[in-house]
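Here is a short report on one chain. Look over the sequence and the coordinates first, then read on.

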Amino acid sequence: MGSAGIGGTLRRGVASRVARSIADALAHPKSVKQLALLPDSNNPRLDLQCRNMLCEKIGKPCICRLATVLQQMTSLRSLLLTGNGLEDLPDTLWALRELEVLDLRDNQLTMLSPRISELESLKILKLSGNPRIVLPSESLASMRLVTVMM
Ligand SMILES: [Zn+2]
């Protein structure tokens, strides 16, 4: 994100639209346009590490929290989940009718739900780095995707 926000007001506006953690997202769930949960040295997968005692994935990457957060993010256009070790995706994802970009690279996904076609605004889908993934080819063929990166 380059030099767009020079004025203080502008910068605040931009900040509220891009969330880089689940806590950020929950601060303004309905106005966030991009949620980027990208593990790096400052944020090593902790956001998606399960803390739910009732979940079989406790301590591992999990979609418990993400599922709840996405339910509230009605304006989300871009969801970046690269490199989080995810094995599945939350069902709440399929309700994001404004989502245009979905980046799932470098996870451990084994399947992509045919419900992907419910994302009627989706233009860019990135899936490379999920070596065992099985794709719903009929659903994907019915979509107007500009890019599917495998
Ligand atoms: Zn969990």
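Leaving aside its neighbours within four places in sequence, which residues is L35 in contact with? L35 touches A19, A25, M73, L76 and L79, once neighbours within four places in sequence are set aside. The model behind this answer is predicted.

## Confidence

The average pLDDT of the chain is 87. A score of at least 70 is reached by 86% of the residues.

Over residues 1–9, pLDDT stays under 50. For this stretch the model has six contacts beyond four places in sequence. Where pLDDT is low, predicted coordinates should not be read in detail.

## Overall layout

The chain holds four helices and six strands. Starting at the N terminus, the order of elements is α-β-α-β-α-β-β-β-α-β.

The chain has 150 residues, and 22% of them count as buried.

Strand 2 (residues 34–36) and strand 3 (residues 78–80) run parallel and are joined by three bridges. Across this pair, A36 of the chain stands opposite L80 in strand 3.

## The nonpolar core

The largest nonpolar core has 28 residues. L35, M73, L76 and L99 have the most contacts inside this core. Helix 3 gives the most to the core, with three residues. In soluble globular proteins, nonpolar side chains tend to be buried together.

L35 was the subject of the opening question. Its partners include M73 and L76, and both of these are among the residues with the most contacts inside the core.

## Helix 3 and its cover

Helix 3 spans residues 64–72, and L66, V69 and L70 are buried in it. How do these residues sit around the axis of helix 3? Seen down that axis, the buried residues fall within an arc of 100°, so they line one face of the helix. Helix 2 (22–27) is part of what covers them.

D24 belongs to helix 2. D24 has 18 other C-beta atoms within 10 Å, so it is partly exposed. Along the chain, D24 and L35 are 11 residues apart. Their C-alpha atoms are separated by 8.8 Å.

Is L89 buried or exposed? L89 lies in the loop between strand 3 and strand 4. L89 counts as buried because it has 23 C-beta neighbours inside 10 Å, and the cut-off for burial is 20 or more. Leaving aside neighbours within four places in sequence, L89 is in contact with I63 and S113. C62 is 27 residues from L89 along the chain, and the two C-alpha atoms are separated by 8.7 Å.

V134 is in the loop between strand 5 and helix 4 (137–141). V134 has 10 C-beta neighbours inside 10 Å, so it counts as exposed. With neighbours within four places in sequence left out, V134 is in contact with T110 and M111. V134 and M111 are 23 residues apart in sequence. In space they are 4.6 Å apart, C-alpha to C-alpha.

D106 sits in the loop between strand 4 (101–103) and strand 5 (124–126). D106 counts as partly exposed because it has 18 C-beta neighbours inside 10 Å.

Methods: Residues are numbered from 1 along each chain as its sequence is written. This is a predicted model: local features need pLDDT of at least 70, side-chain atom pairs count only at pLDDT 80 or more; totals for chains, interfaces and linings use all residues. Helices (H or I, at least four residues) and strands (E, at least two) are DSSP runs, numbered from the N terminus. A residue is buried if 20 or more other C-beta atoms lie within 10 Å of its own, exposed if 12 or fewer, and partly exposed in between; C-beta atoms are placed from the backbone. The arc is that of the directions from the helix axis to the C-beta atoms. Two residues are in contact if their C-beta atoms, placed from the backbone, lie within 7 Å. pLDDT is the predictor's confidence in each residue, from 0 to 100. A nonpolar core is a set of buried Ala, Val, Leu, Ile, Met, Phe, Trp, Tyr and Cys residues joined through C-beta atoms within 7 Å. Two strands pair if DSSP finds at least two bridges between them.
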